[in-house]
Amino acid sequence: MFPERFSNLPDYAFPRLRKLLDAYPAGGSVIHMSIGEPRHAFPAWVGDEIAGALDGFGRYPPNDGTPELQTAIARWIARRYDVTVSADRQVLPLNGTREGLFNACLALCPETKGGKKPVVLMPNPFYQVYAVAALAVGAEPVYVAATEATGDLPDYASLPAEVLDRTAIAYVCSPANPQGAVADAAWWDALLALAERHDFRILADECYSELYRDTPPPGALEAVARTGADPERVVVFHSLSKRSNLPGLRAGFAAGGPDSIAAMKQLRNYAGAPLPLPLQAVATRAWNDETHVEENRALYRAKYAMADEILGDVPGYRAPQAGFFLWLPVADGEAAALKLWRETGVRVLPGAYLARAVDGVTPGADRLRVAMVAEQQEMRDGLLRLRSCLYG
């Protein structure tokens, strides 16, 4: 009496990690570097904003977000990407972007494509909601390797024409989780051209866009404006979790063509959970303010430099361009994570836990994902232990 479409899902990454590690004692004081939960301080004004809007907890929030929040998001898109979107027709505030990344597939993926079962493309490794969304709509998930050989981004153009012609949706994550790679303008332009030729939508997960070394990563909406592509080709997703250190706020947004956003709003009318009004007030102020984001980015830049200093001469080390993960080379990710835990107490995630095996090969099986979220001294201690244990 349970649906078969979810029966083959592997254990989620973190329960799987607990099964791997928790049968053994930590080999030192525990340092958590496995979960991408920001631990920098969120803006000091958050409590005041909630208190000032406290009576909003006594009302149902608007499904589409308040006009103030919609406007703040549209203005942020204009400042960040020099792209104009309609605040009420092209923006949808979300209760966290995981909700949006899942429900966009439900709202936008057709039951068939060319009379055949539709395909949903996704990078491999990937954020696991992409695969569950594809299964939920009865599509065929196609996992496309995103490895060093492909610049850590998926090469969708390499797929057979038969697969591309059945493709309804392609997920993209840039900056990439876990690799930290950034899709440049030429990459976006080429993907948009491919989507035009084969008639599919792009769901662009850009949640790490504000954590970068020097140059702001380009985005999908910029590519649409630059190339003159159909605006319905792309829906982008952004979040305050990383940008503003507010993962518990569960505030993000989707933006795209007006027809796509209208379809997502219609589904959300029936099955969504809008953000409570006091939290929308916090989100409105957060999207309107860049000072706290610049301060946050400076902390991550110091961590990039720290990682380069400690691990820069490790063979195969590639410094991340953006985001807050290291994607470190090892012989075997599970064995390395277990060794690191048992000998040092540092907790990291085997790369294979974020991927699927295709033709017997699991991208990331020879990698560790290390989250650079701890306070700087704790992070330095963790990286030094990792360096000594795994690389000598």
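This is a predicted model: local features need pLDDT of at least 70, side-chain atom pairs count only at pLDDT 80 or more; totals for chains, interfaces and linings use all residues.
Leucine 390 touches Val330, Ala336, Lys339, Leu340 and Leu368, leaving out residues up to four places away in sequence; contact here means heavy atoms within 4.5 Å. This leucine sits in helix α14 (residues 376-391), where helices (H or I, at least four residues) and strands (E, at least two) are DSSP runs numbered from the N terminus.

Residues are numbered from 1 along each chain as its sequence is written, and side-chain values use heavy atoms, with hydrogens and water left out.

**Aromatic pairs**

- The whole structure holds 14 aromatic pairs, counting rings of Phe, Tyr and Trp (its six-membered ring) whose centres lie within 6.5 Å, with planes under 30 degrees apart called stacked, over 60 edge-to-face and the rest tilted.
- One of them is tyrosine 130 with tyrosine 171: the ring centres are 4.4 Å apart and the planes are at 10°, so this pair is stacked.
- Tyrosine 130 belongs to helix α5 (residues 129-136) and tyrosine 171 to strand β5, so the pair ties together parts that are 41 residues apart in sequence.
- Tyrosine 130 is buried at a relative accessible area of 0%, and tyrosine 171 is buried at 0% too; buried means under 20% relative accessible area, exposed over 50%, and partly exposed in between (1.4 Å probe, protein chains only).
- Tyrosine 208 and phenylalanine 324 have ring centres 5.4 Å apart and planes at 90°, so that pair is edge-to-face.
- Tyrosine 208 lies in the loop between β6 (201-205) and α8 (220-227), and phenylalanine 324 in the loop between α12 (291-311) and β9 (325-329), so the pair ties together parts 116 residues apart in sequence.
- Tyrosine 208 counts as buried at 6% relative accessibility, and phenylalanine 324 is buried at 0%.
- Phe126, Tyr127, Tyr130, Tyr143 and Tyr171 form a cluster linked by ring pairs.

**A charge over a ring**

- Arginine 347 lies over the face of tryptophan 341, 4.7 Å from the ring centre; the rule is NZ of Lys or CZ of Arg within 6 Å of the ring centre and within 35 degrees of the ring normal.

**Helices α4 and α10**

- Helix α4 (residues 97-108) packs on helix α10 (residues 258-271) at about 100°, with the axes 9 Å apart; axes are lines fitted to C-alpha atoms over the stretch in contact, and angles run from 0 to 180 degrees between N-to-C directions.
- That makes α4 roughly perpendicular to α10, a label for angles of 65 to 115 degrees, with under 35 roughly parallel, over 145 roughly antiparallel and the rest oblique.
- On the α4 side, the residues that meet α10 include Glu99, Asn103 and Leu108, and their α10 partners include Ser260, Met264 and Arg268.

**Two buried residues**

- Leucine 108, in helix α4, is buried at 8% relative accessible area.
- Beyond its neighbours within four places in sequence, leucine 108 is in contact with Ile169, Arg201, Leu203, Val235, Ser260, Ala263 and Met264.
- Glutamine 179 lies in the loop between β5 (167-173) and α7 (185-198) and is buried at 6%.
- Leaving aside neighbours within four places in sequence, glutamine 179 is in contact with Pro125, Ala146, Asp152, Pro320 and Trp327.
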